[in-house]
Structures are given as structure tokens and as C-alpha cells.
Amino acid sequence: MKIPVEQYASRCSRMQPKLGILAGGGPLPKYLADHCQFIGREYCLVAFKGHAESTILKQMPYIWTRLGAAGKIIQVLKDQQVQEIVMVGPVRRPSIFNLFPDWHGIKFLIRVGSRARKGDNSLLAAIAEELEWEGFKIVGIDELLKDLVAPNGPFGKISPENQKLKFI
């Protein structure tokens, strides 16, 4: 059954909680915000200075902040009644000297400790845990933009042999 776009957007916006988009660089944050607008989902876009690109985000409602302003970021998301958060776009790992963490950020760094030095996955997991501890649900971009995920299986006519498939 085909549903008019307006009805679809109305249904989606009633079903989905407000989304917080923590935006790094590249076009993906804007693409996601455009998708939210299309389906009628409310969102709050928080763009990181030095990472997000203002030329891409122009004409979009967003809040500029620095990475180290953890307390401000969390307060903005709570004030905006955000329930789910997605982190999109590349963010270069800053040095502790360039981060200038606020009090909330300092407490986070103390809690995370050595995990921050174990690599990007450990750091991202720690950030996700912190946001969940604050009451937010972390969602992946693949849950929100299913059309960007490649389907299972080969893209062409040629499939790898069993031995090569095991290696892959």
C-alpha cells in the first residue's frame, strides 16, 4: 500500500523520539538531518568546531560547540529533550592540550583513564557509555539510514571462491 509522503512523515515523527546528531566532518551529518526533515523527525544537530563544515551545514539549524565542552553538549541535548543520539562524520582526535575540557569533560577523562589511550574504538565506546549513563540511547547511522548500507552478497556476477571467502 502506497502512503502519501505527508502521511508517512507524520507517522514517522509520532513514532520516533527526538534525535541528537553529534556532527563531525563531511556530508553525512547534513544528509541525516535532511532525512529527518523529510520524514518529519525532530532533531538537534550539535556541530563540532574544527570538524563539522559550516559550508555543508548552512541553512540548517545547528549548535556550534567545541569537543571539550561535554557539560554544555549534554545540557543542550537534555534541554532539547533529545532521547536518542547518533555520532556521524569524522572527528580527528585532539591532544589533551587542544581539547580544553570543561568540568564535565575533566570528570569524563578521569573516569575513562587509560581506555582513551587504547585506540579510537575504546574511546568511542567510553563516550557512548557516558552518554547512555546520562540517559540517552545511542543509535547507529545504519539503523537510521538503511538505504546507505550495502546489501549482503556480491555486487557483481563474480563471487569469491570458498577459500577466498574465508579470508575475506
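Which residues have the most contacts inside the largest nonpolar core? They are Leu-19, Ile-21, Leu-32, Tyr-43, Leu-45 and Val-86, within a core of 17 residues. A nonpolar core is here a set of buried Ala, Val, Leu, Ile, Met, Phe, Trp, Tyr and Cys residues joined through side-chain atoms within 4.5 Å. Buried denotes under 20% relative accessible area, exposed over 50%, and partly exposed in between, for a 1.4 Å probe and protein chains only.

The model is predicted, so that local features need pLDDT of at least 70 and side-chain atom pairs count only at pLDDT 80 or more, while totals for chains, interfaces and linings use all residues. Residues are numbered from 1 along each chain as its sequence is written, and side-chain values use heavy atoms, with hydrogens and water left out.

The elements that give two or more residues to the 17-residue core are β1 (19–23), α2 (28–39), β2 (43–48) and β4 (84–88). Helices (H or I, at least four residues) and strands (E, at least two) are DSSP runs, numbered from the N terminus. Leu-32 illustrates how this core is connected. Leaving aside neighbours within four places in sequence, Leu-32 is in contact (heavy atoms within 4.5 Å) with Leu-19, Ile-21, Val-86, Val-88, Ile-141, Leu-144 and Leu-145. A second, separate core comprises 12 residues, including Cys-44, Phe-48, Ile-73 and Ile-85. In soluble globular proteins, nonpolar side chains tend to be buried together.

An α-helix has 3.6 residues a turn, so residues three or four places apart point the same way. Just after α4, Gln-81 adopts a positive phi of about 60°.

Attention now turns to the charged side chains. The count of salt bridges is 4, where a salt bridge is a side-chain nitrogen of Lys or Arg within 4 Å of a carboxyl oxygen of Asp or Glu. One of them joins Arg-41 and Glu-84, at 2.6 Å from N to O. Because Arg-41 lies in the loop between α2 and β2 and Glu-84 in strand β4, this pair ties together parts 43 residues apart in sequence. Arg-41 is buried at 6% relative accessibility, and Glu-84 is buried at 12%.

Glu-84 also meets Lys-137 in a salt bridge of 3.9 Å, N to O. This pair links strand β4 with strand β5 across 53 residues. Lys-137 counts as partly exposed, at 45% relative accessibility. Through shared partners, Arg-41, Glu-84 and Lys-137 form one salt-bridge network.

Another salt bridge connects Lys-78 and Glu-134, at 2.8 Å from N to O. Lys-78 lies in helix α4 (residues 70–79) and Glu-134 in the loop between α7 (120–133) and β5 (137–138), so the pair ties together parts 56 residues apart in sequence. Lys-78 is partly exposed at 38% relative accessibility, whereas Glu-134 is buried at 16%.

Finally, Arg-93 is found in the loop between β4 and α5 (96–99) and is partly exposed, at 40% relative accessibility. Arg-93 and Leu-123 are 30 residues apart in sequence, with a C-alpha to C-alpha distance of 9.7 Å.
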